[in-house]
Amino acid sequence: MARNPRYDILFEPVKIGPVTAPNRFYAVPHAAGMTNSMPRMRAAFRETKAEGGWGVVCSGYVSIDPSSDDAPLPFATLWDDDDIRSHALMTDAVHKHGALAGVELWHGGGSVMNRTSRIPPLSPSGTSWMATHVNFMGNQRPRIMDAQDIRSLVRWQAAAARKARSAGFDVVYVYAGMGYLPYEFLLPEWNQRTDAYGGSVRNRVRIVRELLEATHEAVGGHCAVALRISLEELRARPSDVAASEAHEVVELLADLPDLWDVKLDSSPTDCAPSRFTAEGSHEPIIEFVKKVTSKPVVGVGRFTSPDAMVGQIRRGVLDLIGAARPSIADPFLPKKIDAGREHDIRECIGCNICISSWHDGVPVRCTQNPTIGEEWRRQWHPERVAPAGSASTVLIVGGGPSGLECALTLARRGYEVTLAEAADEIGGRLRFETRLPGLAAWGRVLDWRRGQLERLPNFNLYRGNELSAEEILELGNTHVVIATGSRWARMLYSPLEVPFGSLAGPNVYTPDDIAEGAQLEGPVAVFDFDNYYMGSALAEHLAKAGHSVAYVTPTGHASAWAIMSNEQPQVHRALANAGVSLHTLSRVSAFEPGELTLAAQFTDRESRLACRSLVIVGARFPNDSLYHQLVEQQDKLAGAGIASITRIGDALAPGAIVHAVYSGHRYARELDADPQAPSFRRDAPLRVTPTA
Ligand code: ADP
Ligand code: SF4
């Protein structure tokens, strides 16, 4: 198919200082959990984006000196010759496809704890980000930088820029965003200096200017020099000489960088979840930059629609369409637009599981794209699958995320696939969950797979078909995949912090009951020890339906795990806005319609709440009775022509949608594979420099 001429503008080259991006698709720096100890995985992961048509592909954050050490969070380094070789694997891989390679040089300043290097962290005035969540807290305050430290910082940046050039990077960053060191100089909360680097905006911006100048000099006109800067806080601050301090900063530096990479300040606003924030949320903050500088501007907005991208360029907001998440969910997004296949784009759903993997300290994973991070390790390509290894037929029971992903990948491989779904519509848990506040965009998991499957002639769908073990035996497929999901339990929570006991009385519900249409009497209490989105989304949903709702959790926060997916601050705002009362560090100890008894998690002190309906969002268990009925009839399986019965997704181990999709994909990739082959390759650091 030919490209829609409306999108031609996206494929224009853009000059960035001394280098030229082949098009306007720019995969911005983002944390991907791949440190220098995984150089081959990292190179293959970024190569896939370049192969998919991104004109510029950037690294994640790369430390310029051991005084910037984010451990245990996974960060890269450019400290020595081994590091140069490690990054060169990526630049070579990216260049093979005609793309430019960018590197985000980084110093974390007072926002890192230097837990590995044990060097006291550096900061303008000895203050640091304190954090409201223990995952990000530390006990050592940074030391105040003196004039010598400032000179060292500039020297480290220049040295790292020279190494970046040697490693083959085309775009070299100065990073003044997200609470990291140069950003700390920009804001008075961090910077109370009385020397030439503190006070007026002109003084506060001085370090960024010096870093840019030093980087230009270090790369000697061979690489473009980009400035990545957070403008959200600065934009909110009035200025005597410009429309805001953000305007003043951009005016002061205007044409000094070859490229402006503009963003917001905190991970929850910059990488905002779709549950609370629409696409294009950066525009009101960054829209002015292009009017001030003559240099190209790149920014993000979780853009997946080519029309929205064209709009950004035509309206003079951006020159390059930046993407982190859309390039993870679909590394081939640019190529699909180029080929007139925009309907094939696997759109990011904005769930932020990708960012949670960085917080977890592991390579990136994605709800929509199970192949991400597995390009080298498991040799999974997002667009290519191995042909079927046999003429086997496969029956999949259950059309939720795991069953659908499994069906799609098997059908792409060429297997004859039949999927039976008990309900009238496919989608599994998504049928209900996408109706909860803010979760509509998650429906893309279903929409994309349904759209792809509809075009495959070897895929057969039977809806409204609840299969029994006997029927499965009669159907006689070679392989049977049980993707029948899970059910929430009416279990309570023990002081040992495990699900325990149960409440069987009247007016006790689970999310399954609400999905099935249970009508609740208010006031309602939601007891959440699942800790992800379901508890808070249900509380919000029930409050919006007019109930008086109390949210109870044994943890210290609502949706405690959602700190990992950048959702938690907004969960608290959403619950407050919906009028939900919050009862943290509390567990339910007894309930009768009318009264709920809570026990304080650490003291056991009891309190009571008026409550007529209790919703427990806690333990989930597999819906796997069908599986057990089948395996118990081993004697009949061979006669029925069935060679294997396998559980996938929640029917195997209940988890988030990302786990279900991955499970379905993995089964489909590995069907008929050599059972002796190792399941994945292990990467190792490149080390040629002898250690003393
Ligand atoms: P997962 O997240 O693992 O994909 P879901 O709970 O989202 O699991 O989906 C499971 C799907 O399986 C549901 O749509 C459910 O209706 C379907 N299902 C459960 N039992 C049967 C059965 N016996 N026959 C057909 N479909 C079933
Ligand atoms: Fe988008 Fe979710 Fe994938 Fe991240 S994990 S890229 S937010 S779909």
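Start by selecting Met178: apart from neighbours within four places in sequence, it is in contact with Tyr183, Ser230, Lys263, Leu264, Asp265, Ser266, Ser267 and Asp270. (Contact means heavy atoms within 4.5 Å.) Before you click on, know that this is a predicted model, where local features need pLDDT of at least 70, side-chain atom pairs count only at pLDDT 80 or more, and totals for chains, interfaces and linings use all residues. Residues are numbered from 1 along each chain as its sequence is written, chains are lettered from A and ligands numbered from 1 in the order in which they are written, and side-chain values use heavy atoms, with hydrogens and water left out.

**Stop 1: around Met178**

Stay on Met178 and look at where it sits: the loop between β9 (171-176) and α4 (181-186). Helix and strand labels are DSSP runs numbered from the N terminus, with helices (H or I) of at least four residues and strands (E) of at least two. Met178 and Leu264 are 86 residues apart in sequence, yet their C-alpha atoms are 7.4 Å apart in space. Check the backbone as well: phi of Met178 is near 55°, a positive value in a residue other than glycine.

**Stop 2**

Jump to Ser559, another residue that is not a glycine, with a positive phi of about 45°. You'll find Ser559 in the loop between β23 (549-552) and α22 (568-577).

Next, select Ala71 and Pro72, which are joined by a cis peptide bond with omega at about 10°. Pro72 is in the loop between β4 (56-63) and β5 (76-77). Gly522 and Pro523 are also joined by a cis peptide bond, here with omega at about -10°. Look for Pro523 in the loop between α20 (511-515) and β22 (524-528).

**Stop 3: ligand 1**

Which residues come nearest to ligand 1? Of the 22 around it, they are Ser402, Glu421, Ala422, Arg429 and Asp650. A residue counts as near when one of its heavy atoms lies within 4 Å of the molecule. An oxygen atom of ligand 1 is 3.1 Å from a polar backbone atom of Pro401, and a nitrogen atom of ligand 1 is 3.0 Å from a polar backbone atom of Ala422. Then go to Ala483, where a backbone N or O atom lies 3.4 Å from an oxygen atom of ligand 1. (Polar contacts are pairs of N or O atoms within 3.5 Å; within protein, one must be able to donate a hydrogen and the other to accept it, and residues adjacent in sequence count only if both atoms are side-chain atoms.)

**Stop 4: ligand 2**

Move over to ligand 2 and show the 13 residues around it; Cys348, Cys351, Asn352, Cys354 and Cys366 come nearest. The biggest giver is α13, with three residues. By class, the shell has eight nonpolar, four polar and one charged residues. Here Ala, Val, Leu, Ile, Met, Phe, Trp, Tyr, Cys and Pro count as nonpolar, Asp, Glu, Lys and Arg as charged, and the others, Gly among them, as polar.

**Stop 5**

Zoom out and colour by domain: domain 1 (5-360), domain 2 (393-485 + 623-670) and domain 3 (489-620), with bounds from an automatic or database domain assignment. The C-alpha centres of domain 1 and domain 3 lie 39 Å apart. Between them, 18 residues of domain 1 are in contact with 18 of domain 3.

Together these two domains bury about 1,400 Å², 55% of it on carbon and sulfur atoms. On the domain 1 side, pick out His133, Arg275 and Phe276, which lose the most area to domain 3, together 41% of what that side buries. (Buried area is the accessible area, with a 1.4 Å probe, that two parts lose on being put together, summed over both.)

How many residue pairs are in polar contact between domain 1 and domain 3? Six, counting pairs with both residues at pLDDT 80 or more. α9 (267-270) and α15 are the elements that give two or more residues to the domain 1 side. The largest share, five residues, comes from α15.

Finally, select Arg40 and Asp683, whose side chains meet in a salt bridge (2.6 Å, N to O). Arg40 lies in helix α1 (residues 39-51) and Asp683 in the segment after α25 (657-670), so the pair ties together parts that are 643 residues apart in sequence. The whole structure has 50 salt bridges, each a side-chain nitrogen of Lys or Arg within 4 Å of a carboxyl oxygen of Asp or Glu.
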